[in-house]
Amino acid sequence: MAVACDALPKGWNTLAMLWNALATVILAMSVAETPAAANPHGPWGRPEAVAIEGYAGHAMEPFISCDGKVLLFNDRNSPSDQTDLHWAESVTDIQFRYSGRIKGANGDALDAVPSMDCQGDLFFVSTRTYFQTRSTIYRARFNGGSVRDARVVPGLATAKIGLLIFDAEISPDGASLYAAEGTYDALGGPWSADLFLAERNAVGFSKSSRSSRLLAKINTDQREYAPSLSHDGLELFFTRLSGWSIWPTLTIEHATRNTATDAWGPSRTIASITGFVEAPSVSRDGRRLYFHMKMEDGMHRIFLVRRN
């Protein structure tokens, strides 16, 4: 989820909007001075713009389905906007046809950060009951662009108001959930953010007792969020926000491990992805990585890079 207070409950909007206006201007200035690398070094190629025919709005938080036929995303998650979930159907891996908002998933609050397991269960972030439940992760069955009976996922309430799970991705098999928990206040956030692993149980999900060990080399004193797990469970992609809060650096990170039970090794930055970039989503074959980028005109667009 974009860092400019994107998951902030609407009750905190006024001060947050003032802070985010300043931060966005400064970050945009920084991004404008850092164009994408023309000849990137490393295993990933240059960013390619993803076209969504019939859609001209902001496109953020992309998620590519297991079969590659569906692209899920949300529009701009700014405190002043009505943030909704959308979907598009593939024409090619870089061209999609807009199919509309996801019916039954969107409410009056922020609804964002969609992901889906290979069985068709949709997971997303919503702040609709945060102040009552301290929960933000919802689940529903996706069927042809609509869902019914979206409900809070039990077991993932935060310890207190001000802590907020603002990013999450369900694993392809639906058995685990990588998520980000951050601290927010009336001025915005997240002021801190780390990844954690949650595992499915009989009633919902719970934070794994293995989480700290598995992510010990991933979580730092910087802010880590927007995780994406490869289908074999051996690669983890995520966003890292580092630097001063008014002049930050955003990077897409890549970590690996030898087996699905090993701890993650230290991450490496994907050098060909630069600028205001967030929210990676890896394809089933591991050859394509989708993400969003904020452009110089202020619009958010989806891009992909291919593994060389």
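Student: Why does Ala279 count as buried?

Tutor: Keep in mind that this is a predicted model. The relative accessibility of Ala279 is 5%. Buried means under 20%, so Ala279 counts as buried.

Student: Where is Ala279 found?

Tutor: Ala279 belongs to strand 19, residues 276–282. Its phi is positive, about 65°, although Ala279 is not a glycine.

Student: Which value makes Arg134 partly exposed?

Tutor: Arg134 has 31% relative accessibility.

Student: What makes the link of Cys66 and Cys118 left-handed?

Tutor: The angle about the S-S bond is -90°, and the link is left-handed.

Student: Which parts of the chain does the pair link?

Tutor: Distant ones: Cys66 and Cys118 are 52 residues apart. Cys66 is in the loop between strand 3 (60–64) and strand 4 (70–74). Cys118 is in the loop between strand 7 (111–116) and strand 8 (121–126).

Student: Are the two cysteines buried or exposed?

Tutor: Take each in turn. Cys66 has 13% relative accessibility, so Cys66 counts as buried. Cys118 has 33%, so Cys118 counts as partly exposed.

Student: Why are strand 11 and strand 12 called a pair?

Tutor: Count the bridges. Strand 11 and strand 12 (residues 176–183) have 7 between them, in the antiparallel sense. The rule needs at least two, so the strands pair. Opposite Leu163 stands Thr183 of strand 12.

Student: What is the strand order of the open sheet?

Tutor: The order is 11-12-13-14, and the pairing is antiparallel.

Student: What makes strand 11 and strand 14 the edge strands?

Tutor: Strand 11 (163–170) and strand 14 (205–207) each pair on one side only. On average, neighbouring strands of this sheet are turned by 35° against each other, direction ignored.

Student: Where does Pro190 lie?

Tutor: Pro190 is in the loop between strand 12 and strand 13 (193–200). The peptide bond from Gly189 to Pro190 is cis, with omega near 0°.

Student: How many bridges join strand 17 to strand 18?

Tutor: There are 2, and the strands run antiparallel. The rule asks for at least two, so strand 17 and strand 18 (residues 268–269) count as paired. Glu253 has Thr269 in strand 18 as its bridge partner.

Student: How many bridges join strand 16 to strand 17?

Tutor: 10 bridges join strand 16 (residues 235–244) to strand 17, again antiparallel. Leu241 has Leu250 in strand 17 as its bridge partner.

Conventions
Residues are numbered from 1 along each chain as its sequence is written. This is a predicted model: local features need pLDDT of at least 70, side-chain atom pairs count only at pLDDT 80 or more; totals for chains, interfaces and linings use all residues. Side-chain values use heavy atoms; hydrogens and water are left out. Helices (H or I, at least four residues) and strands (E, at least two) are DSSP runs, numbered from the N terminus. Axes are lines fitted to C-alpha atoms, for helices over the stretch in contact, and angles run from 0 to 180 degrees between N-to-C directions. A disulfide is a pair of cysteine sulfur atoms within 2.5 Å. Buried means under 20% relative accessible area, exposed over 50%, partly exposed in between (1.4 Å probe, protein chains only).
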